[in-house]
Amino acid sequence: MFKETRLRLTAWYLLIIMFISISFSAIIHQALIGEVDRFARAQRFRIEHQFDPAAPQEFINPEFIEEIKTRITLVLIIVNGGILFVSGVLGYFLAGRTLKPIKDMLDEQNRFISDSSHELRTPLTSLKSAMEVALRDKHLTLEEAKILISENIDDVNKLQYLSDKLLQLAQYQKQNVVRNLEKTPVELLISSALKKVASMAKKNNITIENQVPELSLYCDPVEITDLLVILLDNAIKYSPKGGKVILKGKKSRHNLMITVEDQGIGIAEKDLPHIFDRFYRSDTARKKSNTGGYGLGLAIAQKIVTNYHGTITVSSRLGKGSLFTFRLPL
Ligand code: ADP
């Protein structure tokens, strides 16, 4: 598909270049042939009237004139052949470069669709098989049926969580989102993020220490709250019960910097370059059975930060904890 489109685009480039080149060549050909004829006529005139003693005494051989004309035509054909070849090669190269961003976008979209379907398939298959087994069981009691339904609800919840995350990612991937930018106290963003993770923190007995001083940021409050929720949610998820999460903040001349630090399971060095990739989960995270993530949180976080032309980085040591830092231009 890409190759076909590239060839078609090359053909269009060639068509345009050759149209221009042949038109100019035709004009040049006409002009040169006219010049040769004019020169031959002038020579004949000078010989016939003999008012110039320095004039040649013989007519130029008409065959010689014809040969010059043929040579002009030949040179122009060769030049056009050269242009055809060079512009064919260049056109093919340029068509590839023009189409590359479109190809990358399509590849990315296809990867997104196939990754998402792959992730959706697992809970759907488990739901389907559990229901099929129950349907075939003739002695299924009401008690067993209730257990099954509650298990199914767990799977449905996972599916709902996954679809919410996919929607959120798709939303942040849109190029021209209309944002509600306003000057917001960072304190307000943090408190609304803390509210969202409070029950989870309580369940895991995690203390969250907010050491961010009074700052303000020009942003869409919903987006930055989402970003903080993702980082806090991870810090809680990947911390042992009774752990501590610390939030710090600083303003420099051009940036606002916020850090989220935990003393949790940490991230292995080999995983660090990949944790912002979509659907990437480290083996340690997978083993921690109750975390239930899909590897989408940090991909969303990175998207939010890059939409603000900011950066997000991580430093971590396995078994010691992680420190996530994001910087947003003021
Ligand atoms: P998930 O839903 O799996 O948490 P994320 O995209 O939020 O997805 O994170 C990707 C991976 O990065 C996680 O699976 C985990 O391996 C690692 N990770 C993220 N945050 C932390 C953290 N605070 N401590 C340890 N590992 C983390």
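Predicted model: local features only at pLDDT ≥ 70, side-chain atom pairs only at ≥ 80, totals over all residues.

Colleague: Is Asn 204 buried or exposed?

Modeller: Buried. Its relative accessibility is 11%, and buried means under 20%.

Colleague: OK, another loop. Where is Asp 277?

Modeller: In the loop between strand S5 (255-262) and helix H6 (283-287). Asp 277 counts as partly exposed because its relative accessibility is 36%. Beyond four places in sequence, Asp 277 touches Gly 295 and Ala 299.

Colleague: How far apart are Asp 277 and Gly 319 in space?

Modeller: 22 Å, C-alpha to C-alpha. In sequence they are 42 residues apart.

Colleague: Now the ligand. How many residues surround it?

Modeller: 21 residues. The closest are Asn 234, Tyr 238, Arg 281, Ser 282 and Leu 298. By type, the shell has 11 nonpolar, 7 polar and 3 charged residues.

Colleague: Which polar side-chain atoms lie 2.9 Å from an oxygen or a nitrogen atom of the ligand?

Modeller: Lys 237 has one 2.9 Å from a ligand oxygen. Asp 262 has one 2.9 Å from a ligand nitrogen. Ser 322 also has a polar side-chain atom 3.4 Å from a ligand nitrogen.

Colleague: How much of the ligand does the protein bury?

Modeller: 99% of the 530 Å² that the ligand exposes when taken alone.

Colleague: Which helices and strands each supply at least two residues of that shell?

Modeller: Helix H5 (221-237), helix H7 (297-307) and strand S7 (321-329). H5 gives the largest share, 3 residues.

Colleague: Switching topic. What about H1, how many residues does it have?

Modeller: 48, running from residue 2 to 49. H1 reaches 70 Å from its first C-alpha to its last, close to the 70 Å expected at 1.5 Å a residue.

Colleague: Which residues of H1 are buried?

Modeller: Among them are Met 18, Ser 21, Ser 25, His 29, Ile 33 and Val 36.

Colleague: Why would residues three or four places apart point the same way?

Modeller: An α-helix has 3.6 residues a turn, so residues at that spacing point the same way.

Colleague: And what covers the buried residues of H1?

Modeller: The cover includes helix H2 (62-136).

Key. Residues numbered from 1 in each chain as written. Heavy atoms only, no water. Near = heavy atom within 4 Å. Polar contact = N/O pair within 3.5 Å; in protein donor to acceptor, adjacent residues only side chain to side chain. Areas by Shrake-Rupley, 256 points an atom, 1.4 Å probe, with all protein chains shown as cover. Helix = DSSP H or I, 4+ residues; strand = E, 2+ residues; numbered from the N terminus. Nonpolar A, V, L, I, M, F, W, Y, C, P; charged D, E, K, R; others polar. Expected span 1.5 Å × (residues − 1). Buried < 20%, exposed > 50% of the residue type's maximum accessible area, 1.4 Å probe, protein only. Contact = heavy atoms within 4.5 Å.
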